[in-house]
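Student: I'd like to learn how to read a structure like this one. Could you take me through it step by step?

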Amino acid sequence: MPLADFQAQVRGAIVDGKVAPLTAVLTGGAEPLKRFAIHQRHYEASLVRALVEKFPAVVWLAGSPFVTAAAAAFIRLSPPSAPCIAEYGEGFPAYLAGRAEAQHLPWLRWVGELEWQLGHAALALEQAPLSIEALAKVAPERLADCALTLQPGLHYLAAPWPVDALVKLFLSDSAPESYALDPEHVFLEVRGARGAFSMTRLDAATFIFHRALAQGLSVGGAAENALDADPAFDAGQGLVQLIAAGLATAIGGADKDPQQ
Amino acid sequence: MTAHHRFTPTPAGVGLRLPHLAEVVATQPAVSWFEIHPENFLANPHASELLTELARCYPISVHSVGVSIGSAGGVDRTHLKRVRELIERIDPFLVSGHLAWSTHEGEYLNDLLPLPYDQETLRLVAAHVDEVQQGLGRPYLVENPSSYIGMATSTMNEVEFLSELVCRTGCKLLCDVSNVYLSGHNLGYAPHVYIDAMPAEAIGELHLGGFLAEDDEADAGQQVLIDTHAQRIAEAAWDLYAYALRRFGPKPTLIEWDNDLPAVATLLSEAERADAVAAAILEPEYQRAVG
């Protein structure tokens with residue numbers, strides 16, 4: 001049997017549980033398929049553990065049995081695509097939300113999305129911030145065409161539930177007897193570096209402005225998007241506040257090198 | 001005048017996992033070297049920064065679990081490029097991986113999966129080892145796997161396969177002594193015979209890791225050994241380590257512990273034991289050799 005065919009069969013056995021084609025191929029022990037089950041168990045146990053450890057607030061809120069069962073199903077639908085398991089699981093919150101058992105937990109997906117961002121923000125390295133003086137050196141007529149590089153540990157999440165409050169409850173290790181959670185659109189800026197992170201609620205226009213800059217839009221383009229959301233948005237002030245908070249690391253345009 | 005030549009063993013190192021990283025950087029424990037899995041650092045800039053700092057103080061060995069030299073679909077070149085970037089930053093004294101496969105058509109199966117040992121696999125693995133050595137710009141050590149099953153289609157045994165791989169590629173071998181013991185137990189061959197058959201001149205590193213004995217579901221009264229890396233090294237593996245040292249001579253030896261991590265001190269005590277075993281075996285031979 002060609003090696004590629006053999007490996008396709010092993011993949012099918014590990015991910016989909018289809019072991020029958022391997023019966024004639026394997027040797028070892030009294031029943032080789034039971035030995036092969038060691039590999040099947042390892043695939044499931046190691047990846048389920050990785051997912052559960054990435055979403056501790058989801059586990060805290062929805063319960064370990066539910067999340068573990070969902071993770072066991074997810075790893076069969078969406079195996080990792082690369083060997084760095086830290087990068088695996090971005091799609092898990094959306095999958096979780098689609099499970100029948102989660103229909104009464106409409107906020108759960110957004111808790112997971114926020115946890116994913118917090119986990120990645122904390123792995124980042126903060127860069128030296130762009131100074132106001134560096135911004136002042138850019139000719140005013142060119143500023144709108146410039147793009148900013150933001151801190152690597154910045155992430156943006158717009159959620160229809162105030163899930164930052166739930167995550168803060170989890171992080172504070174306090175569980176109230178009851179907690180009322182009403183739908184509310186929140187616009188969250190997650191910032192992290194070297195093991196630490198923070199969450200800040202922004203108004204909608206500022207959120208759109210920051211997120212657009214993080215996505216690489218020009219200052220002018222980001223300002224237009226923010227003004228669509230709030231005609232009263234002051235882009236100049238927003239830009240100065242962003243620089244003052246140390247969120248940007250470089251500024252540059254299409255025709256010039258970034259300035260630190 | 002007769003000079004007393006002082007025996008200098010090749011001291012043991014320990015596997016460094018992320019939960020120990022900050023402590024190790026802060027306390028700089030007395031150990032000769034560390035081995036890391038690059039896959040733990042490539043998507044973690046903070047850990048990578050700490051590793052770069054650590055590499056200024058300790059020799060580092062890079063042991064990949066994701067290069068997948070046995071995949072019929074080829075080596076993951078994107079991953080290989082990322083590993084190379086890390087290697088260029090920390091300049092490890094050894095780079096190694098496994099005789100196994102992990103990726104299939106864009107999916108990573110998070111395990112070191114077995115290969116049939118035949119001419120097709122040998123050609124493919126040899127080509128991939130060549131590619132890895134060229135891609136990384138340095139020699140690559142290939143580790144013998146921990147095995148629970150064999151393949152009916154194999155036409156040579158594992159040592160014959162590894163020996164031919166060395167001949168074709170010039171690669172070195174990483175002899176995981178615990179894997180030799182475990183696989184011998186599980187597949188019914190003598191570990192000492194396996195060690196005897198390995199090409200000693202190609203051995204560049206030794207590994208020792210803990211394994212777990214479980215009841216064999218298919219064979220009442222029998223046990224199967226599972227490569228968990230979650231406990232101390234078994235006495236039988238220590239005995240085989242002593243045997244391997246007599247055969248291979250002093251080699252950098254790694255204590256591997258990946259799951260249910262103990263305190264750093266426990267890892268260091270295992271490394272000290274490896275050093276003591278090496279000294280007991282090798283020092284008398286050395287003193288005899290130097291007269």
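Tutor: Two strands pair if DSSP finds at least two bridges between them. Helices (H or I, at least four residues) and strands (E, at least two) are themselves DSSP runs, numbered from the N terminus. Here, S8(B) and strand S1 (residues 26-27) of chain A run antiparallel and are joined by two bridges. Within S8(B), Met151(B) is the bridge partner of Leu26(A).

Student: And how do I read the numbering, and where the model comes from?

Tutor: Residues are numbered from 1 along each chain as its sequence is written, while chains are lettered from A and ligands numbered from 1 in the order in which they are written. This is a predicted model, where local features need pLDDT of at least 70, side-chain atom pairs count only at pLDDT 80 or more, and totals for chains, interfaces and linings use all residues.

Student: What does pLDDT say about chain A?

Tutor: pLDDT is the predictor's confidence in each residue, from 0 to 100. Chain A has a mean pLDDT of 95, with 97% of its residues at 70 or more. Over residues 254-260 of chain A, though, the pLDDT is below 50, and this stretch has 15 contacts in the model beyond near neighbours in sequence. Where pLDDT is low, the predicted coordinates should not be read in detail.

Student: You said contacts. How many residues of chain B are in contact with chain A?

Tutor: Two residues are in contact if their C-beta atoms, placed from the backbone, lie within 7 Å. By that rule, 39 residues of chain B are in contact with 41 residues of chain A. Elements giving two or more residues to chain B's side include helix H2 (45-54), strand S5 (101-104) and helix H6 (177-187) of chain B. S6(B) gives the most to that side, six residues.

Student: What kinds of residues are on that side of chain B?

Tutor: Ala, Val, Leu, Ile, Met, Phe, Trp, Tyr, Cys and Pro count as nonpolar, Asp, Glu, Lys and Arg as charged, and the others, Gly among them, as polar. The side of chain B that touches chain A has 19 nonpolar, twelve polar and eight charged residues.

Student: How do I describe two packed helices?

Tutor: Use the angle between their axes and the distance between the axes. Axes are lines fitted to C-alpha atoms, for helices over the stretch in contact, and angles run from 0 to 180 degrees between N-to-C directions. The axes of H4(B) and helix H5 (residues 158-169) of chain B cross at roughly 45° and come within 10 Å. Therefore H4(B) is oblique to H5(B) (under 35 degrees is roughly parallel, over 145 roughly antiparallel, 65 to 115 roughly perpendicular, and the rest oblique). Leu122(B) and Val125(B) of H4(B) are among the residues making the contact, as are Phe161(B) and Leu165(B) of H5(B).

Student: And which sheets should I look for?

Tutor: Chain A has an open sheet of three strands in the order S3-S4-S5, with antiparallel pairing. Its edge strands, each pairing on one side only, are strand S3 (154-159) and strand S5 (196-202) of chain A. On average, neighbouring strands of this sheet are turned by 20° against each other, direction ignored. Chain B has a closed barrel of eight strands, S1-S2-S3-S4-S7-S9-S10-S13, with parallel pairing. Its twist averages 30° from one strand to the next.
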